[in-house]
Amino acid sequence: MASPLLVPATNAVAFTKGAMCTYTSGYLALATAGQGTDVEFVAAETITPTADGQLVKVWPTRGVLYQCDVDAA
């Protein structure tokens, strides 16, 4: 498995390992549900940044195939 990247995140957003993330306005953010939302990263750790720009470990999704369980249960 590739080493995770470090990406600056927004303050007080709870990232859970495995969460789908996007990059907006210069910061990592959680991807929202719905069509047309780019999932650019997957969180590699569970963390809640305490300041804007705090680095969060993520795995990039470009060029990677993922197998996901999308059941609601």
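Strands here are DSSP runs of E with at least two residues, helices are runs of H or I with at least four residues, and both are numbered from the N terminus. The phi angle of A12 is near 65°, a positive value in a residue other than glycine. A12 is also exposed, with a relative accessible area of 55%. For that term, buried means under 20% relative accessible area, exposed means over 50%, and partly exposed is in between, with a 1.4 Å probe and protein chains only.

Before I continue, a word on the basis of these values. This is a predicted model, in which local features need pLDDT of at least 70 and side-chain atom pairs count only at pLDDT 80 or more, while totals for chains, interfaces and linings use all residues. Residues are numbered from 1 along each chain as its sequence is written, and side-chain values use heavy atoms, with hydrogens and water left out.

G18 is found in that loop between β1 and β2 as well. Its relative accessibility is 47%, which counts as partly exposed. If residues up to four places away in sequence are not counted, G18 touches V42 and A43; contact means heavy atoms within 4.5 Å.

S25 lies in the loop between β2 and β3. With a relative accessible area of 72%, S25 is exposed.

Let me now turn to the chain as a whole. The protein chain has 0 helices and 5 strands, and its pattern along the sequence reads β-β-β-β-β. Its C-alpha trace spans about 35 × 30 × 25 Å along the principal axes. For 73 residues, a compact globule would have a radius of gyration near 11 Å, and the 12 Å of the protein chain agrees with that. The radius is taken over C-alpha atoms, and the globule rule is 2.2 Å times the number of residues to the power 0.38. Of the 73 residues, 29% count as buried. The accessible surface comes to about 5100 Å², of which 55% belongs to carbon and sulfur atoms; the areas come from the Shrake-Rupley method with a 1.4 Å probe, and for residues only the protein chains shown count as cover. Among contacts between residues at least 6 apart in sequence, 47% join residues at least 24 apart.

Which residues make up the largest nonpolar core? There are 11 in all: V7, A9, F15, A19, C21, L28, F41, A43, I47, V56 and V58. The elements that give two or more residues to this core are β1, β4 and β5. A nonpolar core is a set of buried Ala, Val, Leu, Ile, Met, Phe, Trp, Tyr and Cys residues joined through side-chain atoms within 4.5 Å. In soluble globular proteins, nonpolar side chains tend to be buried together.

C21, found in strand β2, counts as buried at 0% relative accessibility. Leaving out residues up to four places away in sequence, C21 touches F15, L28, A29, L30, A31, D38, V39, E40, F41 and A43. C21 and T32 are 11 residues apart in sequence and 8.4 Å apart in space, C-alpha to C-alpha. V56, with neighbours within four places set aside, is in contact with L5, L6, V7, A9, F15, L28, E45, I47 and P49.

Next, the aromatic rings. The count comes to 1 aromatic pair. The rings of Y23 and F41 have their centres 6.5 Å apart and their planes at 70°, so the pair is edge-to-face. Under the rule, rings of Phe, Tyr and Trp (its six-membered ring) pair if their centres lie within 6.5 Å; planes under 30 degrees apart count as stacked, over 60 as edge-to-face and the rest as tilted. The pair links distant parts of the chain, 18 residues apart, with Y23 in strand β2 and F41 in strand β4. Y23 is partly exposed, at 38% relative accessible area, whereas F41 counts as buried at 12%.

I close with the charged side chains. How many salt bridges does the structure hold? The structure holds 1, formed by R62 with E40, whose closest N and O atoms are 3.7 Å apart. R62 lies in the segment after β5 (54-60) and E40 in the loop between β3 (27-30) and β4 (41-43), so the pair ties together parts that are 22 residues apart in sequence. A salt bridge is a side-chain nitrogen of Lys or Arg within 4 Å of a carboxyl oxygen of Asp or Glu. R62 is exposed, with a relative accessible area of 67%.
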